Amino acid sequence: MIVHIPEVLDKIQLEHCREAMRRAGWVDGRVTAGYRSAMVKNNLQLPEGGPEHLELGDIVSRALQRNPVFLSAVLPQKVFPPLFNRYGVGMGFGSHVDNAVRQSADGSVRIRTDVSATLFLSGPEEYDGGELTVEDTYGCHSVKLPAGDLVVYPADSLHEVTPVTRGERLASFFWVQSLVRDKAKRALLFELDSAIVQLTRDVPGHAALVSLTATYHNLLRQWAET
Ligand code: NI
């Protein structure tokens with residue numbers, strides 16, 4: 001399940017992040033890559049634990065905690081402190097699967113990566129190339145979203161960032177350990193919750209909402225690992 005979550009950051013937060021990223025020092029993105037990924041990775045990252053990373057990571061983390069679609073689609077147990085990258089012309093990240101377990105640079109967070117996430121900080125008009133392509137059983141999906149929008153997808157998916165051929169692509173990326181490890185179960189819960197939200201909006205007070213909501217929570221109780 002690949003989910004597009006619009007407007008995770010508002011215009012003011014977005015401009016603040018972009019301005020801080022313009023002033024920041026950058027390092028080679030291979031610092032956080034595994035052995036195989038390092039061979040296909042060519043981008044820049046904000047240094048982990050540096051002042052810009054900590055400040056911007058906090059802005060993104062707080063926005064995620066307030067976003068109902070993110071919470072429903074991902075059912076986060078632990079969220080990795082968001083990282084930030086930049087692809088200039090000629091940069092890209094070839095096909096790979098993200099590492100199964102990630103530890104933050106200071107060792108304070110260690111998670112199993114169930115979900116991968118990319119938050120777009122540049123608009124699609126600002127660069128050519130730089131598509132995130134994600135493979136699933138239905139084929140290869142190309143993702144290029146408005147600035148401030150987020151995409152989440154199963155972390156066991158093969159994916160890549162195609163080379164940028166014009167402009168610059170800024171993004172934040174991170175991983176989530178979910179309360180529900182199985183992606184098929186997560187997808188069922190998300191569909192059920194989305195249907196409950198829709199019914200609550202369109203037919204408030206419908207009698208079936210009580211049992212649907214009970215079923216949602218009882219399935220989550222069956223499947224959640226805490
Ligand atoms: Ni990746």
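Predicted model: local features only at pLDDT ≥ 70, side-chain atom pairs only at ≥ 80, totals over all residues.
1. The nickel ion has three protein donors to look at: His96 through NE2, Asp98 through OD and His159 through NE2, lying 2.1 Å from the ion. Along the chain these donors follow the spacing H-x1-D-x60-H.

2. His96 has 7% relative accessibility and so counts as buried. Asp98, at 14%, is also buried, because the cut-off for that term is under 20%.

3. Leu121 sits in the loop that links β10 (115-120) to β11 (127-129). Its relative accessibility is 0%, so Leu121 counts as buried.

4. What surrounds Leu121? Leaving aside residues up to four places away in sequence, Leu121 touches Leu9, Leu14, Arg18, Met21, Phe84, Ala147, Leu170, Ala171 and Ser172. Arg18 is 103 residues from Leu121 along the chain, yet their C-alpha atoms are separated by 7.1 Å.

5. Helix α5 comprises 20 residues, 183-202. At 1.5 Å a residue it should span 28 Å, and the end C-alpha atoms are 28 Å apart, so the two values agree.

6. Which residues of α5 are buried? They are Arg186, Ala187, Leu189, Phe190, Leu192, Asp193 and Ile196. The elements covering them include the strands β1 (3-5), β10 and β17 (169-178), together with the helices α4 (68-74) and α6 (208-223).

Conventions: Residues numbered from 1 in each chain as written. Heavy atoms only, no water. Helix = DSSP H or I, 4+ residues; strand = E, 2+ residues; numbered from the N terminus. Buried < 20%, exposed > 50% of the residue type's maximum accessible area, 1.4 Å probe, protein only. Contact = heavy atoms within 4.5 Å. Donors = N, O, S within 2.8 Å, 3.2 Å for Na, K, Ca; no water. Expected span 1.5 Å × (residues − 1).
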